[in-house]
Amino acid sequence: MLEQPSFGRRLRQLRLQQGKSQSELTGPGMSAAYLSRLESGARPPTERAVAYLAEQLAVPVESFAQYSENDLADLVMTLSSRPQGERDGEIRDLLNDALSTAVDVDATTRWEALDLFARQHSALGEFQEERAVLEKLEVMSRELNRPALHVYILQRIARCCRNLGDMEGARRSAQEALELTRRHQLRVLTADLVRVKLLLISAEAELGNLAEAAALSTEVCESLPHGEGVLAAEAYWTASTVRARQGNFGQAFELIEKALAAVESREELTLWMRLRLAAASLSLQSLPPRLERAQCLLTEVEPALKLAGPPRNVQELLLLKAQLAYRQGYMERSSELVAAAEGDVHLLTYRDQIRFRLLREMLAAHAGDPGADHRLRELAAQVQAARMPDLSAEVWRAIAEGAPAARKSG
């Protein structure tokens, strides 16, 4: 007798393992709504439904029996091969169910499942949830006395903290990762070590420690064996960001152009897209803004983003297009883009969430909303409290400048 909710969990696991969507299993006597209720455990399975699903999945009926102890390991091995961004929500929910019901699972399997679980949260922009899972992994690494795994998780925590706007946490985790590497003389890949340093540079820059950030970024760039490839692009990008924080936009543009030249789209499409978004953002934030350059970069990257862009980067594109339209004086178009991005703002990093709110309130002020000025000042105070001086200055500068002189419609 197959009972819920174990049947629903097993059904969803088998479906995802074969890369099938719910719609691919629907047919006579099996509507999408009924299948969804079966997977959620809301409806008990009938013999006819079980037979139909077994046929569609080409598995024996016995496969729907309750999870075995090896199911979590099988699930991790199967889902790890999925392309990034493929059904992240479904995989997250499946892993959540499996982790909550798994018993007597070895530490390695649980580690791998939690690692994959954290990645799904990250892909969905659920950074708070990602951080909670990563903190469990950090505890496990300490208990297992595995410093190499601990360094790996600390790097992930630092990146997650940065996305959340917790720069103190990002700096602390990056520093601890570097200290563990030195203390245990770990054999860490050069690329991983450089990326921890880049996270530390980013955190120091956000916290206003620009001299330290600039010195370390110069050291990293000079240590690169050559100026091409993914690692070089990431290093030049980070150094460009530091120079922009210092107000040295000339050097910032030189470095971001080096980053753009370091990788081709066919080698690393996601990074290729992110770099163009970063360069467009720099063009908009520079003094004075380089609107034509921003327009060219967004035009170049938009087709690729629409075809294969991660959801977070698609949101960045919407924000940048809205900022550009605002700078050009196209208020109605900027408002339309802001409205289109409203539902998925959580996918953006903390810095871009602040920029989104800033733009929304500037548009409200332009439209005559009497409460906009108060909300803008509250936003500026929030950023100041977060110890992000350059972003705070950006907010105050935008408030002081007000709406652009050119007034256009459409």
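Me: Buried means under 20% relative accessible area, exposed over 50%, and partly exposed in between (1.4 Å probe, protein chains only). Which of these is Arg377?

Reply: Arg377 is partly exposed, as its relative accessible area is 41%. Before we go on, this is a predicted model, in which local features need pLDDT of at least 70 and side-chain atom pairs count only at pLDDT 80 or more, while totals for chains, interfaces and linings use all residues. Residues are numbered from 1 along each chain as its sequence is written, and side-chain values use heavy atoms, with hydrogens and water left out.

Me: Thanks! What does the side chain of Arg377 meet in a salt bridge?

Reply: The partner is Asp373, at 3.2 Å from N to O. A salt bridge here is a side-chain nitrogen of Lys or Arg within 4 Å of a carboxyl oxygen of Asp or Glu.

Me: How many residues apart are Asp373 and Arg377?

Reply: They are four residues apart in helix 19, so about one helical turn separates them. Helices are DSSP runs of H or I with at least four residues, strands are runs of E with at least two, and both are numbered from the N terminus. Asp373 counts as partly exposed, at 40% relative accessibility.

Me: How many salt bridges does a search of the whole structure find?

Reply: The search finds 32. One of them joins the side chains of Glu401 and Arg327, at 3.9 Å from N to O. Glu401 belongs to helix 20 and Arg327 to helix 16 (residues 311-328), so this pair ties together parts that are 74 residues apart in sequence.

Me: Are those two buried or exposed, or partly exposed?

Reply: Glu401 counts as partly exposed at 44% relative accessibility, and Arg327 counts as partly exposed at 33%.

Me: Back to helix 19. At what angle do helix 19 and helix 20 cross?

Reply: Helix 19 (residues 372-385) and helix 20 (residues 389-401) cross at roughly 165°, and their axes come within 8 Å. The axes are lines fitted to C-alpha atoms, for helices over the stretch in contact, and angles run from 0 to 180 degrees between N-to-C directions. The two helices are therefore roughly antiparallel to each other. That label is for angles over 145 degrees, while under 35 counts as roughly parallel, 65 to 115 as roughly perpendicular and the rest as oblique.

Me: Which residues make the contact?

Reply: Helix 19 brings Leu376, Arg377, Ala380, Val383 and Gln384, and helix 20 brings Leu391, Ser392, Val395, Trp396 and Ile399. Contact means heavy atoms within 4.5 Å. The residues of this contact divide into seven nonpolar, two polar and one charged. In that count, Ala, Val, Leu, Ile, Met, Phe, Trp, Tyr, Cys and Pro are nonpolar, Asp, Glu, Lys and Arg are charged, and the others, Gly among them, are polar.

Me: What about helix 7 and helix 8, at what angle do they pack?

Reply: Helix 7 (residues 127-144) and helix 8 (residues 147-164) pack at about 160°, with axes 9 Å apart. Helix 7 and helix 8 are therefore roughly antiparallel to each other. Among the residues that meet are Phe127, Leu134 and Leu137 in helix 7, and Ile153, Arg156 and Ile157 in helix 8. The residues of the contact of helix 7 with helix 8 comprise ten nonpolar, four polar and five charged.

Me: You listed Arg156 there. Is Arg156 buried or exposed?

Reply: Arg156 counts as buried, at 12% relative accessibility. Leaving out residues up to four places away in sequence, Arg156 touches Asp115, Ala118, Arg119 and Leu134.

Me: New topic: which residues are linked in a network of salt bridges?

Reply: Glu342, Arg360, Glu361, Asp369 and Arg375 are linked that way. The side chains of Arg360 and Glu342 meet at 2.7 Å, N to O. Arg360 sits in helix 18 (residues 350-366) and Glu342 in the loop between helix 17 (331-341) and helix 18, so the pair ties together parts that are 18 residues apart in sequence. Arg360 is partly exposed at 29% relative accessibility, and Glu342 is partly exposed with a relative accessible area of 36%.

Me: What else does Glu342 touch?

Reply: Not counting residues up to four places away in sequence, Glu342 touches Phe356 as well as Arg360.
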